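Good morning, and thank you for making time for this item.

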Amino acid sequence: MKTIYNIKLKDEFYIIRNENIVRFMYMGILPSKNPEYETPKNYHIVINKDTERPERWYYTDLERALDKEWAYDYDDSKKFLLEKIKNKYEDILNKFNKYY
């Protein structure tokens, strides 16, 4: 399992955003003039591969993505998204059937 301490430069990971699979590439800890801020418990840079734009993530956001939404490949991400949509659909059906 990847963490903020063992993720490597150019590692890719996928997260689910608004029922879409988004691929990211890890680019390292945000550089700073003050070396005490260049620690894993600070800001990190990731590239959103859909837009090819860098994003600055605070370490807690990166931890959450790696801990809960990590997928080692695209197929795992699709399975995760399918399960998420299926659960949402079942919840809607249960609520609907409750009233009718």
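Predicted model: local features only at pLDDT ≥ 70, side-chain atom pairs only at ≥ 80, totals over all residues.

Residues are numbered from 1 along each chain as its sequence is written, and side-chain values use heavy atoms, with hydrogens and water left out.

Let me start with the chain as a whole. The protein chain has two helices and four strands, and from the N terminus on these elements follow the order β-β-β-β-α-α. Helices (H or I, at least four residues) and strands (E, at least two) are DSSP runs, numbered from the N terminus. The radius of gyration is 17 Å, well over the 13 Å that the globule rule gives for 100 residues, so the protein chain is more spread out than a compact globule. For reference, that radius is taken over C-alpha atoms, and the rule is 2.2 Å times the number of residues to the power 0.38. Along the principal axes, the C-alpha atoms fill a box of roughly 65 × 25 × 25 Å.

Some totals complete this overview. Of the 100 residues in the protein chain, 30% are buried; buried means under 20% relative accessible area, exposed over 50%, and partly exposed in between (1.4 Å probe, protein chains only). The protein chain exposes about 7,400 Å², and carbon and sulfur atoms supply 51% of that area. Accessible areas come from the Shrake-Rupley method with a 1.4 Å probe; for residues, only the protein chains shown count as cover. Among contacts (heavy atoms within 4.5 Å) between residues at least 6 apart in sequence, 45% join residues at least 24 apart.

Four strands form an open sheet in the order 1-2-3-4, with antiparallel pairing; two strands pair if DSSP finds at least two bridges between them. Strand 1 and strand 4 (53-58) are the edge strands, each pairing on one side only. From one strand to the next, the twist averages 40°. Helix 2 (residues 74-99) packs on the sheet, where it touches strand 1 and strand 2, and its direction makes about 15° with that of strand 1. Axes here are lines fitted to C-alpha atoms, for helices over the stretch in contact, and angles run from 0 to 180 degrees between N-to-C directions.

How many bridges join strand 1 to strand 2? There are six, and the two strands run antiparallel. In this pairing, Y14 has R23 of strand 2 as its bridge partner, and F13 has F24. Strand 2 and strand 3 (residues 43-48) pair over five bridges, again in the antiparallel sense.

F13, in strand 1, is buried with a relative accessible area of 0%. Leaving aside residues up to four places away in sequence, W57 touches F13, I15, R17, F24, N42, Y43, H44, V46, L62 and A65.

Finally, the loops. Most residues other than glycine have a negative phi. E19, in the loop between strand 1 and strand 2, has a positive phi of about 60° although it is not a glycine. At 35% relative accessibility, E19 counts as partly exposed. E52 lies in the loop between strand 3 and strand 4, and its phi is near 60°. With 48% relative accessibility, E52 counts as partly exposed.
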